[in-house]
Amino acid sequence: MSKAKPISPYRLTSLPRLQKDPKLALELFRNPYPNPNHEKTCRTKPFRYNISHYDLIITRLGRAKMFDEMQQILDEIKHDTCVTPKEIIFCNVISFYGRARLIDHALQVFEEMPEFRVERTVKSFNTLLNVLLNCGKFDKMKETFENMEKHTRPDACSYNILINGCVMSGRFEFAWNVFGEMLKKGLNPSVVTFGTLVYGLCSNSRLEEALKLKEDMTRVYNVSPNRHIYVSLIKGLCEVGELNSAIGLKQEIVRDKVKLESGIYSTLISAMLKVGRKKEVLGIFEEMREKGCNPDTVTYNVMINGLCNEKDFEGAFGMFDVMRERGCKPNIVSYNVILGGLCKDGKWREAKDLFEDMPRQGCIPDVVSYRIIFDGLCDGMQFEDAALILDEMIFKGFVPRCEHIYKFVDGLCQLGNAKLLWTALNTLVKANVFDVDVWRMVISKVCKEEELSNAFELVENLTVPLL
């Protein structure tokens, strides 16, 4: 029998990396020798792992969300005094736990870093701050930031994360205070800092301040605005009806050769359609093509929505052809926008035809599609068609909105079709979407229009499936 070749440390680093299955990668890490009796036959010392081996397998396990196995490897590192872990390993582990929203685990790893002979620097603090930000733990993030200065000096990235958290949690005045503290510490604000503040100002309709800050960042801090800042400003201006000012900013983008994106044009197109400046939209489309910024699905959906608001359904359907010609496939939002427009305009037959045609067009209706068509049919007193949609909807695991269930049942009671009413009620009961208010309404209707005995019969028939 030929002797198994020993696996070198380099080989152990490359093999798990090439192995797509994280479980097999872990097995290779645990058993670097293919022959379990290799150590005895070759009389070699036990395999010594280095920090690269640990880093690689922890990364593989973390990405695969194999957290129990990852934690076991961490425990081995803690007791392996021959290796000195690097801080980046723990930053990665904290990030893995953060993505899985396992905040307590992330905090525990951060607190235990000194036990691994690893100093916590601004890098690991920023990693934890970012995890807390993404998970919406703003109070804990603020507490961590305040504790940070006991161990290390916060950098510009630390302040940017805290400012972002303040804006996201609606504490905008506190964000300004943090910005002021950042300047006092001698840290230079970046385009990220200003982008967060401009977004916060625009979200709070403080557009004059946002525009002034955009000017100050260039004049005072020598930081040029990027496209994200322009997007925030243009959206904010369009929302308050300052379309001409928004167009002026778009021209400024072109002048300063800032990279354009479809979101800017989509916002302008939507605003133009809302105020009836439909003729200018074609010019926007042409400009997009000239600037090498091809319209995407979002842009076309904005156009479709605008055309539906104007009740130009022929034009809206025509956009489907334009999209396909330009290599942009209509998505579920495209269809739902037209469905909603047709229902809103009382075109029930056309809406139902489109809904039934969606699968053939390669777009399967989702829960939003079902709710739109069900709500529309109920609003239009088309209760028999709504009953068919309800049955299909429940079968696919979707449920209608509560307010339209009430409207639907009330409509069936008024329709006087007892057989359809009982069928629909049984469907609702089986789906467990039949609340107390609907029970009271139905029984009240039956008691009012029929004999009292029929109400008892109704309750008995509907409660049988629940037993």
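Trainee: Where is Ala431 placed?
Mentor: Ala431 is in the loop between helix 25 (418-430) and helix 26 (436-449). Helices are DSSP runs of H or I with at least four residues, strands are runs of E with at least two, and the numbering starts at the N terminus. This is a predicted model, in which local features need pLDDT of at least 70 and side-chain atom pairs count only at pLDDT 80 or more, while totals for chains, interfaces and linings use all residues. Residues are numbered from 1 along each chain as its sequence is written, and side-chain values use heavy atoms, with hydrogens and water left out.

Trainee: And what's the relative accessible area of Ala431?
Mentor: It is 22%, so Ala431 is partly exposed. Buried means under 20% relative accessible area, exposed means over 50%, and partly exposed is in between, using a 1.4 Å probe and protein chains only.

Trainee: Stepping back, how many helices and strands does the protein chain have?
Mentor: There are 27 helices and zero strands. The protein chain has 467 residues, of which 46% count as buried.

Trainee: Of the contacts between residues at least 6 apart, what share join residues at least 24 apart?
Mentor: That share is 60% in the protein chain. Contact means heavy atoms within 4.5 Å.

Trainee: Which residues have the most contacts inside the largest nonpolar core?
Mentor: They are Ile58, Ile304 and Phe408, in a core of 137 residues. A nonpolar core is a set of buried Ala, Val, Leu, Ile, Met, Phe, Trp, Tyr and Cys residues joined through side-chain atoms within 4.5 Å. In soluble globular proteins, nonpolar side chains tend to be buried together.

Trainee: What is Ile304 in contact with, leaving aside neighbours within four places in sequence?
Mentor: Its partners are Ala316, Met319, Phe320, Met323, Ser334, Val337 and Ile338.

Trainee: Phe408 again: which residues in helix 22 does its group in helix 24 meet?
Mentor: His404, Lys407 and Phe408 in helix 24 meet Phe374, Asp375, Cys378 and Asp379 in helix 22. By class, the residues of this contact divide into three nonpolar, one polar and three charged. Ala, Val, Leu, Ile, Met, Phe, Trp, Tyr, Cys and Pro count as nonpolar, Asp, Glu, Lys and Arg as charged, and the others, Gly among them, as polar.

Trainee: At what angle do the axes of helix 22 and helix 24 cross?
Mentor: Roughly 40 degrees, and the axes of helix 22 and helix 24 (residues 402-415) come within 10 Å. That makes helix 22 oblique to helix 24. Axes are lines fitted to C-alpha atoms, for helices over the stretch in contact, and angles run from 0 to 180 degrees between N-to-C directions. Under 35 degrees counts as roughly parallel, over 145 as roughly antiparallel, 65 to 115 as roughly perpendicular and the rest as oblique.

Trainee: And at what angle do helix 22 and helix 23 pack?
Mentor: Helix 22 (residues 367-379) and helix 23 (residues 383-395) pack at about 155 degrees, with their axes 8 Å apart. They are therefore roughly antiparallel to each other. On the helix 22 side, the contact residues include Tyr370, Ile373 and Leu377, and on the helix 23 side they include Phe383, Ile389 and Met393. This contact has ten nonpolar, no polar and three charged residues.

Trainee: What about helix 6 and helix 8, what's the angle there?
Mentor: About 5 degrees, for helix 6 (residues 87-99) and helix 8 (residues 122-134), with axes 9 Å apart. Helix 6 and helix 8 are therefore roughly parallel to each other. Cys91 and Ile94 of helix 6 and Leu128 and Val131 of helix 8 are among the residues that make the contact. The classes are four nonpolar, four polar and two charged.

Trainee: Switching to backbone: what is the phi of Arg117?
Mentor: Arg117 has a positive phi of about 70 degrees, although it is not a glycine. Arg117 is in the loop between helix 7 (103-112) and helix 8. Its relative accessibility is 37%, so Arg117 counts as partly exposed.

Trainee: And Lys257, is it buried or exposed?
Mentor: Lys257 is exposed, with a relative accessible area of 77%. Lys257 is in the loop between helix 15 (243-255) and helix 16, and its phi is also positive, about 60 degrees, although it is not a glycine.
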